[in-house]
Amino acid sequence: MTTENAETTGEATGEWEREPDPSDSLRTFGAVVQALREHAGLSRAQFAERVRFSKHTVESVELGRRMPDESFVERAEEATGDTGALRRAARHLTRGEPGLAAWFRRWARLEKVAASLCTYECRLVPGLLQSEEYARAVFEGTIPLLTDEQLEAQVTARTARQRMLRERPQVPFSFIVEEPVFRRRFGSRQAVRDLLDHVLEQTAPRNVTLQVVPLDAALHACLDGPVRLLETADGRRFAYSEGQQNGRLIADQKEVSLLQLRYDTLRSQALNPRESRGLLERLRGEI
């Protein structure tokens with residue numbers, strides 16, 4: 001079977017499937033393909049003929065719905081003037097990350113290389129500290145409802161992220177969480193006990209610090225909402241702010257510095273780590 005016939009067969013049988021969760025890099029690559037094609041004065045049908053893939057496949061690549069294979073990239077290069085742009089762009093292609101919201105992916109990638117990470121939460125237990133049952137309850141309450149496959153992908157992605165706390169013992173992780181977050185019931189009494197046990201276990205290593213803002217604390221510096229901050233090994237600092245159906249990666253150093261100042265101020269207003277662990281242990285005993 002020739003290469004061309006093999007590709008045709010693959011297309012007909014659905015071998016080259018649509019990406020279930022397109023990544024930002026796929027969408028960007030597709031936009032570059034479309035721009036170069038249009039600059040070359042080619043319609044999708046004409047371009048499809050030159051690259052020897054169907055018009056449907058070309059459209060899917062341009063919309064970021066399919067991962068192009070090497071032969072598509074090479075033929076697309078030739079059809080658009082052989083500038084090398086598509087070959088270089090293709091090196092950075094990544095598939096979508098199942099279980100992670102599109103607006104969170106860039107932050108999740110930065111987390112993996114962070115030299116330090118700080119998290120303030122007032123809504124729910126931070127993802128890196130959630131028990132599996134708690135995470136499952138969070139995703140089960142998502143609207144619109146998730147399919148069973150989507151729910152499992154979300155839970156798997158969340159528990160996978162938690163490995164950072166164990167696998168990177170030299171990276172300091174700091175968490176500040178409001179006390180009502182730990183008092184909110186999400187399931188049985190045992191489920192809540194298991195959550196508190198899990199949080200205490202996750203925050204036991206020396207590089208992980210948990211501080212609780214008690215119910216009787218005064219108004220404080222982070223009332224504008226949850227925030228995450230990190231610094232990379234080369235000294236770059238980023239922040240992340242999240243709301244309903246959106247998230248914002250913040251790279252402006254003036255804004256990041258302001259958020260870091262607020263976080264550092266809240267550190268002095270929250271219970272210290274020893275007092276915070278004591279509070280969680282008391283809460284567990286009350287259940």
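Modeller: In helix 8, which spans residues 132-140, the buried residues are Tyr 134, Ala 135 and Phe 139; buried means under 20% relative accessible area, exposed over 50% and partly exposed in between, with a 1.4 Å probe and protein chains only. Viewed down the axis of helix 8, these buried residues lie within an arc of 130°, so they line one face of the helix. That arc is taken from the directions from the helix axis to the C-beta atoms. Helices (H or I, at least four residues) and strands (E, at least two) are DSSP runs, numbered from the N terminus.

This is a predicted model, in which local features need pLDDT of at least 70 and side-chain atom pairs count only at pLDDT 80 or more, while totals for chains, interfaces and linings use all residues. Residues are numbered from 1 along each chain as its sequence is written, and side-chain values use heavy atoms, with hydrogens and water left out.

The cover over the buried residues of helix 8 includes helix 9 (148-161) and helix 12 (189-202), where contact means heavy atoms within 4.5 Å. Helix 12 contains Asp 194, which counts as partly exposed because its relative accessibility is 33%. The C-alpha atoms of Asp 194 and Ser 131 are 7.3 Å apart in space, although 63 residues separate the two in sequence.

Between helix 8 and helix 9 runs a loop that holds Pro 144. The peptide bond joining Ile 143 and Pro 144 is cis, with omega about 0°. Most peptide bonds are trans, and most residues other than glycine have a negative phi.

Two residues elsewhere in the chain bear on the second point. Asp 82, in the loop between helix 5 (70-79) and helix 6 (85-90), is not a glycine, yet its phi is positive, near 55°. With 44% relative accessibility, Asp 82 counts as partly exposed. Gln 245, also not a glycine, has a positive phi of about 60°. Gln 245 sits in the loop between strand 5 and strand 6, and at 62% relative accessibility it counts as exposed.

Those strands belong to an open sheet of 6 strands in the order 3-2-1-4-5-6, with mixed pairing; two strands pair if DSSP finds at least two bridges between them. Strand 3 (208-213) and strand 6 (246-250) are the edge strands, each pairing on one side only.
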